[in-house]
Amino acid sequence: MSTNFANNSSAINVTNLNKTVVTQEGELTILNGINMDVKQGDSIAILGPSGSGKSTLLGLLAALDTPTSGEILLDGQALSGLNEEQKAALRKQKVSFIFQSFMLVDTLTALENVMLPAELAGVVNAREKAENMLERVGLSHRLTHLPKQLSGGEQQRVAIARAFICEPKVLFADEPTGNLDSANGDKIADMLFALNQESDTTLVLVTHDLELAKRCKRQLVMENGHLSEPAVSEEQNVSEEAC
Ligand SMILES: Nc1ncnc2c1ncn2[C@@H]1O[C@H](COP(=O)(O)OP(=O)(O)OP(=O)(O)O)[C@@H](O)[C@H]1O
Ligand SMILES: [Mg+2]
């Protein structure tokens with residue numbers, strides 16, 4: 001099925017999404033009946049307690065994982081109609097992902113990690129672009145370091161530079177400021193929202209950081225695999241409880 005039901009301006013449209021896995025203890029429902037619609041250029045924060053299903057949802061939205069049932073339209077394209085190769089092509093073309101665990105390539109330097117997606121996409125001047133991105137995240141002095149020679153916060157900033165280099169249509173970020181001190185966290189948040197505004201990149205951020213969440217246009221809360229959008233007047237209370 002590759003029918004496009006989404007409004008033209010929807011970056012992400014999700015209908016009745018479920019994710020169930022089989023564990024030694026039996027069947028575990030991680031996501032239960034998720035519906036959401038994200039417009040192109042929006043910024044969305046997903047809050048919620050540890051283990052509530054936030055990273056699982058992000059992986060599904062970015063076509064990195066497959067739902068048990070339900071449909072996701074990414075930029076109007078139904079993911080259920082795509083094979084693995086087509087999903088990889090769609091990701092390469094439209095999506096960047098900042099992983100909670102960074103997922104840097106161990107054997108590549110900071111500079112090479114950032115260059116990689118640009119090289120794969122055939123971007124000219126990939127090296128200069130990567131150097132520029134690493135400068136923007138404050139890592140000009142760490143270009144030739146391998147990930148194991150970098151601190152957690154430095155690795156996170158390399159992952160952020162890598163995600164930005166191809167100016168994605170949709171950027172998924174799983175706790176992008178989780179390992180950063182407040183000065184670096186602020187700098188990264190500024191970069192995220194600059195990308196959102198200058199390139200019309202849709203941002204979907206999972207975060208426990210209320211200040212970052214408040215800078216997003218919408219705040220959604222995940223609880224036990226259910227996603228809700230608190231009314232604005234309740235937002236403050238719900239967000240504080242959610243973290
Ligand atoms: N492949 C899997 N098999 C079994 N259980 C899984 C699997 N993937 C996720 N889970 C479980 O599903 C739940 C949701 O996981 P998820 O990583 O999405 O949570 P989260 O909201 O991102 O949490 P955190 O804030 O700690 O990162 C967790 O209880 C996790 O143990
Ligand atoms: Mg997570």
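# Exercises on helix packing and a sheet

Helices H3 and H4 are oblique to each other, a class that holds the angles left over when those under 35 degrees count as roughly parallel, over 145 as roughly antiparallel and 65 to 115 as roughly perpendicular. The model is predicted: local features need pLDDT of at least 70, side-chain atom pairs count only at pLDDT 80 or more, and totals for chains, interfaces and linings use all residues. Residues are numbered from 1 along each chain as its sequence is written, while chains are lettered from A and ligands numbered from 1 in the order in which they are written.

**Exercise 1.** Describe the packing of H3 and H4.

*Solution.* 
- Step 1: Helix H4 covers residues 126-136, and its axis comes within 9 Å of that of H3 at a crossing of roughly 125°. Axes are lines fitted to C-alpha atoms, for helices over the stretch in contact, and angles run from 0 to 180 degrees between N-to-C directions.
- Step 2: On the H3 side the contact includes Leu111, Met115 and Glu119, and on the H4 side it includes Arg127, Lys129 and Leu134. Contact requires C-beta atoms, placed from the backbone, within 7 Å.
- Step 3: The residues of this contact comprise 9 nonpolar, no polar and 4 charged (Ala, Val, Leu, Ile, Met, Phe, Trp, Tyr, Cys and Pro are nonpolar; Asp, Glu, Lys and Arg are charged; the others, Gly among them, are polar).

**Exercise 2.** Which residues form the contact between H3 and H5, and how do the two axes lie?

*Solution.* 
- Step 1: H3 (residues 110-120) and H5 (residues 152-164) have axes that come within 7 Å and cross at roughly 25°.
- Step 2: H3 is therefore roughly parallel to H5.
- Step 3: H3 supplies Ala110, Asn113, Val114 and Pro117, and H5 supplies Val158, Ala161 and Arg162.
- Step 4: By class there are 5 nonpolar, 1 polar and 1 charged.

**Exercise 3.** In what order do the strands of the open sheet of 4 strands stand?

*Solution.* 
- Step 1: The chain has 8 helices and 10 strands; both are DSSP runs numbered from the N terminus (helices H or I, at least four residues; strands E, at least two).
- Step 2: The order is S2-S1-S4-S5, with antiparallel pairing (strands pair if DSSP finds at least two bridges between them).
- Step 3: S2 (26-39) and S5 (77-78) are at the edges with a single partner strand each, so one side of each has no neighbour in the sheet.
- Step 4: S1 (residues 10-23) and S2 share 10 bridges and form a hairpin with 2 residues between them.
- Step 5: Valine 21 has leucine 28 in S2 as its bridge partner.

Methods: Contact = placed C-beta atoms within 7 Å.
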